[in-house]
Amino acid sequence: MTFKHLSELKQLLVDKPARRLALAAAQDHNSLTSVLMAARDGFIEPILVGDREAIQKIATENNLDLTGVRVVHEPDTEMAVEIAVRMVRSNQADILMKGKVGTSSLLKGVLNKEWGLRSGALLSHFAIFEVEAYHKLIAVTDVAMNIAPNLQDKISIVNNSVACLNKLGIEMPKVAVLGAVEMVSENMQATLDAALLSKMNQRDQIRHCIIDGPLAFDNAISLESATHKGIRSDVAGDTDLLIMPDIEVGNVLYKSLVFFAHAGVAAVILGATAPIVLTSRSDSDQAKYYSIVLAAAISRQD
């Protein structure tokens, strides 16, 4: 299965029960708007955890309908995070989303050893883009969580992302591990890691995908460029997932696609026991909406 537009992800939720989403510190206009939009479309059942009065004030000022929406009153931000996280842990909710709370505070709750959402896997950021110039949706990882991942980290990041794409119906996603060049160089750690990931995939140590690397960005996304450079690859020009060498490269690419290419985006945090919607303040309402749709599509269905 392949998708060209983010809106096509909604097809995965047709005739499926609404997923329960706990919005921590729900007194945030942009998050609240996106959550209620997804609820209106029948994809989620929201649980708003936060300051009831502030939530109601935002709803009144922006003509947002809270009829039938469950609100758990907790004005203290840290306690709101704990309540929302505990709801997901106890299967009272399927998705966790960040509202008016700092990222570090939310992740502190997620990683709490007593009542958090640890799964034993590395947490990683996964973003999927709709780029007009590319023939299908393309995913990018990791642009926000892991600063300078080593080989073991990259294995976990790949496994998280491949599992996500598999849940979206992409059975054998094509994974390009990026470097500045497409040849292995002992002086460039990113190319060594890329070559090892590719070989591990060939030996079935990393499964359910096709990995090639190192690939430079141009030959990862352009078959013409790869052919011109004499690169023989099952991935080049048809990549589903780009693996970043570090957070700087990933963050610049993410923002370049959004602000220069005007790409649509949806993003989630993977590796916890449930998907986490943790969007940037600069992300549009549409990005937040499609991030919720993505989280609903990959959340557990038990």
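**Exercise 1. Domains and their interface**

Task: State which domains the chain is assigned, and describe the interface of domain 1 and domain 2.

Solution. 

Step 1. The domain assignment of this predicted model gives domain 1 as residues 6–119 and domain 2 as residues 124–261. Taken over C-alpha atoms, the centres of domain 1 and domain 2 are separated by 31 Å. To the contact, domain 1 contributes 4 residues and domain 2 contributes 5 residues.

Step 2. Consider next the area. About 430 Å² is buried between domain 1 and domain 2, and carbon and sulfur atoms give 77% of this area. On the side of domain 1, L6, L9 and L12 supply 84% of the area buried against domain 2, which is more than any other three residues supply.

Step 3. The residues on the side of domain 1 that touches domain 2 comprise 4 nonpolar, no polar and no charged residues.

**Exercise 2. The setting of Q27**

Task: Determine where Q27 is placed, whether Q27 is buried or exposed, and which residues Q27 contacts beyond its neighbours within four places in sequence.

Solution. 

Step 1. Q27 is found in the loop between β1 (19–24) and α1 (29–40).

Step 2. The relative accessibility of Q27 is 11%. Buried means under 20% relative accessible area; therefore Q27 counts as buried.

Step 3. With neighbours within four places in sequence left aside, the contacts of Q27 are G50, D51, A54, I55, I58 and K100. For D51, a specific approach can be given: the side chain of Q27 reaches the backbone nitrogen of D51 at 3.1 Å.

Step 4. Q27 and T77 lie 50 residues apart in sequence, and their C-alpha atoms are 10.0 Å apart.

**Exercise 3. Salt bridges**

Task: State how many salt bridges the structure holds, and characterise the pairs D94 and R19, K154 and D193, and E182 and K229.

Solution. 

Step 1. The structure holds 11 salt bridges.

Step 2. In one of these, the side chains of D94 and R19 meet with an N to O distance of 3.5 Å. D94 belongs to the loop between α3 (77–89) and β4 (95–98), whereas R19 belongs to strand β1; the pair thus links distant parts of the chain, 75 residues apart. Both D94 and R19 are buried.

Step 3. The side chains of K154 and D193 form a salt bridge at 3.0 Å, N to O. Because K154 lies in helix α5 (residues 151–167) and D193 in helix α6 (residues 189–202), this pair ties together parts 39 residues apart in sequence. Both K154 and D193 are buried.

Step 4. E182 and K229 form a salt bridge in which the closest N and O atoms are 3.7 Å apart. E182 is in the loop between β7 (174–178) and α6, and K229 is in the loop between α8 (223–228) and β9 (241–243); these distant parts of the chain are 47 residues apart. E182 has a relative accessible area of 21%, so E182 is partly exposed. K229 has a relative accessible area of 40%, so K229 is also partly exposed.

Methods: Residues numbered from 1 in each chain as written. Predicted model: local features only at pLDDT ≥ 70, side-chain atom pairs only at ≥ 80, totals over all residues. Heavy atoms only, no water. Domains from an automatic or database assignment. Contact = heavy atoms within 4.5 Å. Buried area = accessible area lost by both parts, 1.4 Å probe. Nonpolar A, V, L, I, M, F, W, Y, C, P; charged D, E, K, R; others polar. Helix = DSSP H or I, 4+ residues; strand = E, 2+ residues; numbered from the N terminus. Buried < 20%, exposed > 50% of the residue type's maximum accessible area, 1.4 Å probe, protein only. Polar contact = N/O pair within 3.5 Å; in protein donor to acceptor, adjacent residues only side chain to side chain. Salt bridge = Lys/Arg side-chain N within 4 Å of Asp/Glu carboxyl O.
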